[in-house]
Amino acid sequence: MSEFKYGTVEDDKKGKIYLSVILDLCDRRPVAFVYSSNNDNSLVFDTFDKAVVENPKATPIFHSDRGYQYTSRAFRQRILDAGMTQSMSRVGRCIDNGPMEGFWGLMKREMYYGKKYKTKEELVKAIEQYLDYYANKRVQRNLGILTPMEYHTMKLQNVA
């Protein structure tokens, strides 16, 4: 999850939103995302639930950091109920969460840093546009110069 700020000092209408995204590590595609004004369990749980609903037969390994949301008993139960395996590195080692940290850095460099978003709506629209761009238009070298969705489609065709 990552924090994004909006607003101007002049208007004194500053705020922040938290964005939770789940990526498929095979094709780097955002599987689900949810944003909220609060960094709490429901943000992470809602994102997880959305990913499960949109991918009901998937039983991946779920990699995460050691944030309190991911280490809670309630989240662990969600993982088990979905038939997934949870993976998180030891404290101080970010091996499991490295791809997600890379995604946040890329996203913030390409759509957030150096820009000012005056309203929450403007920021949310920019985030949604970026996630669509990332999945459907941004080619990636490690995917064979394909977009995440092109790579996903190719993988599905190879399985069929």
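This briefing describes a helix packing and the salt bridges of the structure. The model is predicted, and local features need pLDDT of at least 70, side-chain atom pairs count only at pLDDT 80 or more, while totals for chains, interfaces and linings use all residues. Residues are numbered from 1 along each chain as its sequence is written, and side-chain values use heavy atoms, with hydrogens and water left out.

**Helix packing**

- Helix α1 (residues 41–54) packs against helix α3 (residues 73–81) at an angle of about 5 degrees, and their axes are 11 Å apart. Helices are DSSP runs of H or I with at least four residues, numbered from the N terminus.
- The two helices, α1 and α3, are therefore roughly parallel (angles under 35 degrees, on a scale from 0 to 180 degrees between N-to-C directions).
- In this contact (heavy atoms within 4.5 Å), α1 contributes V44, F45, F48 and D49, and α3 contributes A74, F75, R78 and I79.
- Six of these residues are nonpolar, none is polar and two are charged.

**Salt bridges**

- The structure has six salt bridges (a side-chain nitrogen of Lys or Arg within 4 Å of a carboxyl oxygen of Asp or Glu).
- R78 and D49 form one, with their closest N and O atoms 2.9 Å apart. R78 lies in helix α3 and D49 in helix α1, so the pair ties together parts 29 residues apart in sequence.
- D24 and R29 form another, at 3.2 Å from N to O. R29 is buried, at 11% relative accessible area, whereas D24 is partly exposed, at 23% (buried means under 20%, exposed over 50%, partly exposed in between, with a 1.4 Å probe and protein chains only).
- E3, K5 and K16 are linked in a network of salt bridges.

Methods. Angles under 35 degrees count as roughly parallel, over 145 as roughly antiparallel, 65 to 115 as roughly perpendicular and the rest as oblique. Ala, Val, Leu, Ile, Met, Phe, Trp, Tyr, Cys and Pro count as nonpolar, Asp, Glu, Lys and Arg as charged, and the others, Gly among them, as polar.
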